[in-house]
Amino acid sequence: MSEEALRRTPLYEIHKELGAKLVPFAGYEMPVQYPTGILTEHKWTRESAGLFEVSHMGQCSIEGPDFETTARGLEMLVPADILSLQPGQQRYSQLLNVQGGISDDLMITRSNWQGLEGSLYVVVNASRKGFDFAHIEENLAPGLSLKRWDDLALMALQGPKAQEAIAKLNPKAAELHFMNSGRFTLDGVEAHVSRSGYTGEDGFEISVASAHAAQLWTNLLSDPLVKPIGLGARDSLRLEAGLCLYGHDIDRTTSPIEAGLNWSIAKRRRTEGGFLGAHRVQRELLGGVSRKRVGIKPEGRAPAREGTEVLDESGRKIGIITSGGFGPSVNGPIAMGYVETAYAAAGTPVQLLVRGQALPAQVSILPFIPNRFKR
Amino acid sequence: MKFSKDHEWVTVEGNVATIGITEHAQSQLGDVVFVELPKLGRNVAANESVAVVESVKAASEVYVPVSGEVVAVNDELSGDPALVNRAAENDGWFMKVKLSNTSELDGLMDKPAYDAFVAG
């Protein structure tokens, strides 16, 4: 993609003023890091509160005459239980293709906004939003429609002090439970706030009109507890937290069962099916899978990057690394990838083929650091 | 001190060259978390990839700008890779090479030329 074609988010100028290093990501010019660097940003998020702009992600709502009709419509495309969502409640799921592969992963929230009781608010990955919106629209039942929210910005406030920081703008927003959401005025700015995130920490995702994004961002950053964090630390944070990155740890060829996302598929959906790709999900739930996503911890200091081959102790290839790097809070290299199911138990010794050398490693439980979500 | 287009620096004492990555290179890489150095006694050729420096985000190759035998490596980098960020052009050196062809030094840039090269 040529540089001219890169899109800019509502906070682009602010990132530049903050001295961010901007890189192309999913068609946008995004801050990968600020002057302090990825290590410092990562650790700050784990100790205090980090503020991320993620306006490149796709926000839309699916609208229908009433909640049940809308929920049943989306349940055709995702394996999660949408019908049981309470107003304001949020759930993680995946858009599946007809073969049971993952077209994208997404967050789905039942609206608790007055006048929008039949709506589901959906956030998808930046790199997939074009596909996702078209796919959802094509497959919606009559009477349902998809509305893109391209004029909304999105930011994430993450870390153990996120609650304290947001409480200064609106104490009610700080009372949200994990995976719940609502509409709040944050010091004069209307926002849709959910208690969720992508770092393994407690935190909030905040959707606001693009025109008000700079005001809210600046307001949050004026708190000494809060610092701006780029996509580089977002990646190392989510990797330590064992969370999948679409296009790397999950894609059109992997199923939610291979990816270990069984927890996101409720019992009713497993039994009833009735979603795209259900035959594979149901078959794999009963009969098992030949490969599984696992955490892998190299024993030495050398990181094993995406694409690194995983070998058994005899040197036979048994899998591949899909995300790998350095975990600043772990203070060592960490990775995740797929291995043959026989090797998927935590503690299994494996080898990683890094620059022609087979380096010792172990299959590890995920996450690498304990999640600190606010339950 | 001389500089290569691959962002390595070289200083020479007698016929031994000390080699590292430049201040500009470390600032572009960001936080260094791992350095892989060549084995002692290895014969390296100019512009050969002989070391790897890894930041949180990515791995980058380090090309040796001169030919010769590796006679020393900086062991401190294994326990403290961030030394590359703190002191790229002195204590954060990578390796020492006994030169087999001193004329290769003539092809390297001096400081003003390198600064101009970096400025593009």
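1. A residue is called buried if 20 or more other C-beta atoms lie within 10 Å of its own, exposed if 12 or fewer do, and partly exposed in between, with the C-beta atoms placed from the backbone. By this rule, five of the six residues of strand 2 (residues 28-33) of chain A are buried, so strand 2 of chain A is largely enclosed by the rest of the structure. Strands (E, at least two residues) are DSSP runs, numbered from the N terminus.

2. The model is a predicted one, in which local features need pLDDT of at least 70 and side-chain atom pairs count only at pLDDT 80 or more, while totals for chains, interfaces and linings use all residues. Residues are numbered from 1 along each chain as its sequence is written, and chains are lettered from A and ligands numbered from 1 in the order in which they are written.

3. Strand 2 of chain A is joined to strand 1 (residues 21-25) of chain A by five bridges, and the two run antiparallel; two strands are said to pair if DSSP finds at least two bridges between them. Within this pair, Pro24(A) stands opposite Glu29(A). The two strands form a hairpin with two residues between them, and in its turn Ala26(A) has a positive phi of about 50°.

4. A second hairpin, made by strand 18 and strand 19 of chain A, also has two residues between its strands, and there Arg355(A) takes a positive phi near 50°. Six bridges join strand 18 (residues 349-354) to strand 19 of chain A in an antiparallel arrangement, with Val350(A) bridged to Ala361(A). Strand 19 (residues 357-364) is also joined to strand 14 (residues 291-298) of chain A, by four bridges and again antiparallel, and here Gly295(A) has Ser364(A) as its bridge partner.

5. Chain A also holds an open sheet of six strands in the order 10-11-12-9-3-13, with mixed pairing. Strand 10 (181-186) and strand 13 (226-228) of chain A stand at the edges, each with a single partner strand, so one side of each is left without a neighbour in the sheet. Strand 13 of chain A runs parallel to strand 3 (residues 49-53) of chain A, to which three bridges join it, and Val226(A) is the bridge partner of Ala49(A).

6. Between the chains, 10 residues of chain B are in contact (C-beta atoms, placed from the backbone, within 7 Å) with 14 residues of chain A. Strand 4 (32-36) and strand 6 (48-55) of chain B each supply at least two residues of the side that touches chain A, and strand 4 of chain B gives the most, with three residues.

Terms used:
Contact = placed C-beta atoms within 7 Å.
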